[in-house]
Amino acid sequence: MASSTTVHPCLLVSEILLNIFAEVNERDEEEAARTLAALCRTCRTFRAPAMKVLWAHLGTLVPLIRCIPCVKTVKSKGKSQDDLPTLVLEREMSSTDWDIFLSHSRLVLTCGYYVSRRDKHPVLNSPSHDIGTDILRALSSPPPSSIVFPHLKKIRWTDSRKESIRFFRLILTPALEFLDMSSITDPVYSVIIPSINDACPSLRIMHLPKWPFLHLPDMFDKWPNLAYVTSGPLADATIQSLGRLAHLASMDICLHKLHDIKSLVENPGFSNLRRLVLRAYNINLVAGFMRQVKSIHLREVKCYLPHGTTAAGIQEWITILLDRCMPRRLEILEIEDYADAGADFPDQFTLTPDTLRLLSRFRGLTTLDLATACTYSLDDTTLTQLAICWPSMQSIALGTHWGWRQQSEVTLKGLLSLVRHCPQLESIGLVMNAVTTDITSQRPGGGTRRPKVTSLNVGDSRIGNPLAVAAFLSDVFPCLLSVDAFNHLGGRRRPIPAAKEHEEKWKEVERLLPAFCKVRAQEHPPVGSRRKAFFLEELYLA
């Protein structure tokens with residue numbers, strides 16, 4: 001009796017096969033395409049689900065175009081090693097060629113990005129070939145009543161050639177949810193934008209170029225499901241239409257001018273906004289825009305200012321932000337400028353304790369980064385009061401990027417108080433006065449230990465005895481490996497007196513740390529009444 005081979009019933013269910021093949025695609029990234037192609041040829045049962053996984057996510061259009069029989073590769077005649085071979089047509093595309101192309105293109109879900117579970121951020125696949133303009137022109141004229149990419153949901157388009165415009169319009173289908181055009185040039189961008197309005201009603205995420213000015217008053221009204229937007233400068237009316245979107249949760253835009261501030265303030269919007277990134281010439285534009293935002297869901301605010309700011313501008317910005325969001329819910333607050341403080345330093349550029357205490361109302365902060373041209377009037381007492389209000393703080397940087405350019409009143413005791421009241425700290429940037437270490441030498445940290453901190457940024461901090469400072473830091477931060485000092489201070493910034501001497505001393509601290517950390521690792525835990533508390537803290541920090 002002849003033996004018969006039967007397939008397990010589970011392998012006849014297409015949904016199970018899809019999950020299995022998707023797992024193959026994830027676990028074997030280098031050979032995934034070859035493996036899936038082999039599965040397609042194994043049997044008719046495997047073919048359909050394996051094809052779906054194989055063609056679902058394309059880094060570029062090149063693999064799809066190379067499936068067309070009449071396409072050939074022409075080597076580049078350029079002398080540069082960066083020149084890629086070009087795909088061109090040997091003849092006009094026939095109906096058979098179109099059938100092959102469309103049978104594969106209907107399986108494509110994303111193009112331009114490859115998404116992996118092990119990498120939460122999209123990674124753009126590098127192209128292996130250039131696509132000739134003759135191919136773009138041919139693909140721009142598909143057979144009647146055919147949709148080139150009926151199921152495409154995500155596309156990143158980088159081709160700025162005029163010949164690509166017509167083909168790009170074919171990609172804009174009702175199923176499209178993610179559109180990234182951030183890399184295309186202004187002439188092509190201006191032609192394409194009007195085509196998107198009615199073609200993609202399901203858009204949820206949109207990345208637009210950050211340089212051209214956009215004046216389409218009702219553009220965003222066409223996409224009621226839009227949740228994430230990055231864009232260049234927008235006209236006032238366009239900003240208002242953006243603010244009316246009910247599902248908008250994240251926005252990253254440039255502010256060029258706000259002509260009609262009164263109209264913007266009288267019509268607040270962005271009620272569901274959770275993340276806001278603003279790029280503006282100065283803090284006044286940011287403050288003016290913030291008056292239009294009114295969202296209790298705001299979790300993250302970032303500002304980038306190429307023309308700098310002042311202490312008064314930052315105080316106004318914080319005051320407005322407190323009024324336009326729910327302070328306890330804000331988790332990330334960052335501001336960065338790139339301009340010099342100017343001749344009025346430090347009079348117009350000193351953040352006073354009153355200004356800094358406004359930040360204490362943001363009790364849910366996990367990240368605070370104030371990388372501005374301003375300096376700080378901050379001492380141990382004020383820092384302790386602020387730290388008490390930030391129990392969830394994980395990363396803090398107060399002016400260390402550019403330095404304070406004057407002597408800090410925060411000492412090592414202030415640093416110790418900060419880490420005591422912020423047990424979740426992992427990254428610290430703080431300018432200190434470490435010239436005198438008025439701390440016991442036996443256990444400088446008094447039992448407070450933060451092993452999660454591996455790097456410390458001290459900006460332009462002054463320092464006295466490197467040995468004493470290294471002993472203190474190794475006790476509080478037993479896993480500290482690097483100390484960043486004076487690394488970002490450019491020629492435009494005013495250096496502190498004897499800056500080179502202090503920089504060398506901090507380098508000495510960094511050289512001493514590995515030895516101190518090894519000693520700390522060998523220390524015996526405390527005995528007596530502190531033993532239980534010590535072990536409880538170790539368990540808490542583990």
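Arg 291 is partly exposed, because its relative accessible area is 31%, where partly exposed covers the range between buried, under 20% relative accessible area, and exposed, over 50% (1.4 Å probe, protein chains only). This is a predicted model, in which local features need pLDDT of at least 70 and side-chain atom pairs count only at pLDDT 80 or more, while totals for chains, interfaces and linings use all residues. Residues are numbered from 1 along each chain as its sequence is written, and side-chain values use heavy atoms, with hydrogens and water left out.

**Salt bridges**

- The whole structure contains 15 salt bridges, each being a side-chain nitrogen of Lys or Arg within 4 Å of a carboxyl oxygen of Asp or Glu.
- Arg 291 and Glu 316 meet through their side chains in one of these salt bridges, at 2.8 Å from N to O. Arg 291 lies in the loop between α11 (283-290) and β14 (300-305) and Glu 316 in helix α12 (residues 311-324), so this pair ties together parts that are 25 residues apart in sequence.
- Glu 316 is likewise partly exposed, with a relative accessible area of 30%.
- Asp 252 pairs with Arg 279 in a salt bridge whose closest N and O atoms are 2.9 Å apart. Because Asp 252 belongs to strand β12 (residues 250-255) and Arg 279 to strand β13 (residues 275-280), the pair ties together parts that are 27 residues apart in sequence.
- Asp 252 is buried at 5% relative accessibility, whereas Arg 279 is partly exposed at 27%.
- Arg 91 and Asp 97 form a salt bridge with their closest N and O atoms 2.7 Å apart; Arg 91 is partly exposed at 41% relative accessibility, and Asp 97 is buried at 2%.

**Helix α15**

- Seven of the 10 residues of helix α15 (residues 412-421) are buried, so the helix is largely enclosed by the rest of the structure; helices are DSSP runs (H or I, at least four residues) and strands are DSSP runs of E (at least two), numbered from the N terminus.
- The elements covering the buried residues of α15 include α14 (380-388), β19 (395-398) and α16 (466-476).
- A side-chain oxygen of Thr 411, at the start of α15, comes to within 3.2 Å of the backbone nitrogen of Lys 413.

**Cysteines and the whole chain**

- A search of the whole structure finds zero disulfides, a disulfide being a pair of cysteine sulfur atoms within 2.5 Å.
- Cys 254 is buried at 13% relative accessibility, and Cys 303 is buried at 1%.
- The protein chain has 18 helices and 24 strands, and buried residues make up 49% of its 542 residues.

Note on methods
Contact means heavy atoms within 4.5 Å. A polar contact is a pair of N or O atoms within 3.5 Å; within protein, one must be able to donate a hydrogen and the other to accept it, and residues adjacent in sequence count only if both atoms are side-chain atoms.
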